[in-house]
Amino acid sequence: MFGKAKKQAKKTKPPAPAHGARENQIPNEGQTETRPAQIRQSMQRSWLSQLEGQFLISGQGVVMKVYIENFKRMNDLFGFEHCNELLITIMEYLERKTGYAVFRNVGVEFVIIMRNAAIKEAKELAGQIIERFHQSWNVEDKKYFCTVQLALCAYPGFPKTANELLKCLDLAVLQGTEQGSNQVVVYDSQLHQQYLRRQAIAKHLSTAIAENQVEISYRPIYNQRRNTFTRAELFMRIFIPETGMIGSEEYLPIAEDTGQTRMVEYYALNQAAATIARLMHEGKKFESIAVPVSPALLQHGDFIEEVSQIIEDYEIPPKKLALEIDEFTASTAYCDISVLLQNLSWLGIELILNNFGSGSTGLSWVFELPVDTLKFNQGFVWQLENNTKSRPVNEGLVHIARRMKKKLIVSGVDTQRQKDLLDHLGCDMQEGSYYTPVMPEKELMTLLGN
């Protein structure tokens with residue numbers, strides 16, 4: 001019963017040539033999104049080879065990365081052809097403004113190699129570009145508003161190769177995204193320490209999993225109607241040498257970037273399944289044990305097969321294993337999420353939609369998904385407690401969910417006042433530090449169902 005699981009286009013005109021001759025320009029860069037992958041890769045190799053050449057000849061300068069944030073939404077609203085013209089317009093503007101060739105990297109990213117430029121000069125220029133993005137872009141009698149992230153990295157400097165520099169720019173863009181839209185972030189010593197930390201995590205992640213250098217704990221969920229803890233959510237931390245224990249908010253994005261998602265997430269699923277099997281063996285009465293699932297895992301074609309195998313190996317009864325899927329994942333799914341969730345439901349999986357009410361999806365579409373349970377995050381609790389204007393909206397969400405016969409879980413309950421507000425709304429299942437901290441499986445065994 002407790003055995004391990006067996007497996008862990010349309011054509012569009014090219015952009016106009018940049019104004020003025022420049023030695024590093026490539027004509028017709030960044031055409032349509034539907035070009036074959038090998039052509040796009042060839043385009044990327046072209047500017048990367050130029051950047052590598054700069055390293056080889058001991059050149060110096062600054063590389064600027066421009067990332068358009070809200071392009072997907074505009075593409076959905078206005079269509080591919082119009083938005084591709086918008087990208088061409090932006091590219092032409094960047095070439096005129098900077099005086100350098102602008103290379104289309106992938107998707108909605110542009111890269112500019114500013115030879116012999118200094119960071120101070122590049123930062124001033126980036127600020128001017130940000131100001132331009134505060135205004136609309138007029139393309140074929142339509143106005144578009146874009147938000148953007150700009151990253152700057154000097155060479156020579158922290159990165160030793162062109163590929164390293166590209167990773168540094170990615171990290172700077174991520175840093176800007178966390179600060180808000182329309183940011184300029186310079187890759188500096190502080191970001192470099194983050195980069196080295198990410199590299200160490202990526203290097204040791206697989207070894208840590210293989211050697212079980214992992215801490216598994218659970219957050220129990222209290223059921224007000226039954227006056228007891230009836231379910232729990234798995235939390236996993238991983239030990240990385242010279243770094244210490246790290247949580248999923250840090251290791252999961254790195255696992256996704258380095259192709260280690262399957263190893264990490266199936267390890268967690270097997271741990272949860274083993275806990276369920278032990279709870280069943282001891283005759284504990286509980287609803288389910290939940291495991292958060294990343295979007296990267298959902299896109300694997302054998303996901304259903306792997307989950308089915310885990311259920312069979314650990315002899316898990318229906319609805320005892322729950323999978324948490326983020327609402328944002330559902331709204332940006334690259335696969336038919338409804339079909340995937342339906343297949344999981346047929347396997348006897350409880351489906352939990354996390355971060356419900358975040359605004360990522362329309363309510364009518366959410367309620368068409370075959371999910372059993374809706375989960376509010378801590379932001380919902382904060383709004384309910386501190387924002388009286390939003391309270392009717394939050395109360396409406398709870399009312400609608402109950403009318404649709406969906407179970408509700410609220411996380412982040414830390415105070416008596418928060419508990420009282422949720423009790424008044426009829427939110428029966430609550431989790432947070434008000435009730436109990438996360439705990440190891442041994443303590444969960446004595447708490448759950450008692």
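Is Tyr 222 buried or exposed? At 17% relative accessibility, Tyr 222 counts as buried, where buried means under 20% relative accessible area, exposed over 50% and partly exposed in between (1.4 Å probe, protein chains only). The model is predicted, so local features need pLDDT of at least 70 and side-chain atom pairs count only at pLDDT 80 or more, while totals for chains, interfaces and linings use all residues. Residues are numbered from 1 along each chain as its sequence is written, and side-chain values use heavy atoms, with hydrogens and water left out.

**View 1. The stacked pair of Tyr 222 and Tyr 435.** The structure holds 8 aromatic pairs; rings of Phe, Tyr and Trp (its six-membered ring) pair if their centres lie within 6.5 Å, and planes under 30 degrees apart count as stacked, over 60 as edge-to-face and the rest as tilted. The centres of the Tyr 222 and Tyr 435 rings are 5.2 Å apart and the planes stand at 15°, so this pair is stacked. The pair links distant parts of the chain, 213 residues apart: Tyr 222 belongs to strand β8 (residues 214-223), and Tyr 435 to the loop between β16 (429-430) and α17 (441-447). Helices (H or I, at least four residues) and strands (E, at least two) are DSSP runs, numbered from the N terminus. Tyr 435 is also buried, with a relative accessible area of 17%. Tyr 222, Tyr 435, Phe 229 and Tyr 434 form one aromatic cluster.

**View 2. Charged ends over aromatic rings.** The charged end of Arg 132 sits over the ring of Trp 137, 3.8 Å from its centre. The charged end of Lys 320 sits over the ring of Phe 286, 4.5 Å from its centre. The criterion is NZ of Lys or CZ of Arg within 6 Å of the ring centre and within 35 degrees of the ring normal.

**View 3. Helices α6 and α8.** The axes of α6 (residues 189-210) and α8 (residues 261-281) come within 10 Å and cross at roughly 30°. That makes α6 roughly parallel to α8 (angles under 35 degrees count as roughly parallel, over 145 as roughly antiparallel, 65 to 115 as roughly perpendicular and the rest as oblique). Axes are lines fitted to C-alpha atoms, for helices over the stretch in contact, with angles from 0 to 180 degrees between N-to-C directions. Leu 205, Ser 206 and Ile 209 of α6 meet Met 263, Val 264 and Tyr 267 of α8, contact meaning heavy atoms within 4.5 Å.

**View 4. The surroundings of Asn 182.** Asn 182 lies in the loop between α5 (162-179) and β7 (183-186) and, at 18% relative accessibility, counts as buried. Beyond residues up to four places away in sequence, Asn 182 touches several residues, including Glu 69, Phe 133, His 134 and Cys 146.
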